[in-house]
Amino acid sequence: RRIGKAHVRNRARRMMRESFRHLQHQLAAPIDLILVARKSMAEKKQCEVEADLIRILKDKSLLKEDHS
């Protein structure tokens, strides 16, 4: 409930799930992720959420090397 009402939380959840769906085949190894939405995510667009996820996965060296 920290993010907002149910529709805002559901939108954040859908965006995270869709971002992961696009990137799951580029992961270096099978992993389990726990994604936690923050208040700032309520105003973001899908492409921004995906870019943030890519940055996080690159920082943790979880993406394959040939990913651009």
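Predicted model: local features only at pLDDT ≥ 70, side-chain atom pairs only at ≥ 80, totals over all residues.
Local features need pLDDT of at least 70, and side-chain atom pairs count only at pLDDT 80 or more, while totals for chains, interfaces and linings use all residues. Residues are numbered from 1 along each chain as its sequence is written, and side-chain values use heavy atoms, with hydrogens and water left out.

**Helix H2**

- Helices here are DSSP runs of H or I with at least four residues, numbered from the N terminus.
- H2 covers residues 46-59, which is 14 residues.
- From its first C-alpha to its last, H2 reaches 20 Å, close to the 20 Å expected at 1.5 Å a residue; the expected span is 1.5 Å times one less than the number of residues.
- Val 49, Glu 50, Leu 53, Ile 54 and Leu 57 are the buried residues of H2 (buried means under 20% relative accessible area, exposed over 50%, and partly exposed in between, with a 1.4 Å probe and protein chains only).
- Seen down the axis of H2, these buried residues fall within an arc of 140°, so they line one face of the helix; the arc is that of the directions from the helix axis to the C-beta atoms.
- The face turned away from the buried side carries the exposed residues Cys 47 and Asp 59.
- After H2 comes Ser 61, whose phi is positive, near 55°.

- H1 is part of what covers the buried residues of H2.
- Ser 19 lies in H1, which spans residues 6-23.
- Ser 19 is buried, with a relative accessible area of 1%.
- Leaving out residues up to four places away in sequence, Ser 19 touches Gln 46, Val 49, Glu 50 and Leu 53 (contact means heavy atoms within 4.5 Å).

**Salt bridges**

- Side chains of opposite charge can pair when their charged atoms come close.
- The model has 3 salt bridges, a salt bridge being a side-chain nitrogen of Lys or Arg within 4 Å of a carboxyl oxygen of Asp or Glu.
- Arg 21 pairs with Glu 18, their closest N and O atoms being 2.7 Å apart. The two are 3 residues apart in H1, so about one helical turn separates them. Arg 21 is partly exposed at 44%, and Glu 18 is partly exposed at 28%.
- Asp 52 and Lys 44 form a salt bridge at 2.4 Å, N to O. Asp 52 is partly exposed at 23%, and Lys 44 is partly exposed at 24%.
- Arg 55 pairs with Asp 59, with the closest N and O atoms 3.8 Å apart. Both lie in H2, 4 residues apart, about one turn of the helix. Arg 55 is partly exposed at 45%, whereas Asp 59 is exposed at 54%.
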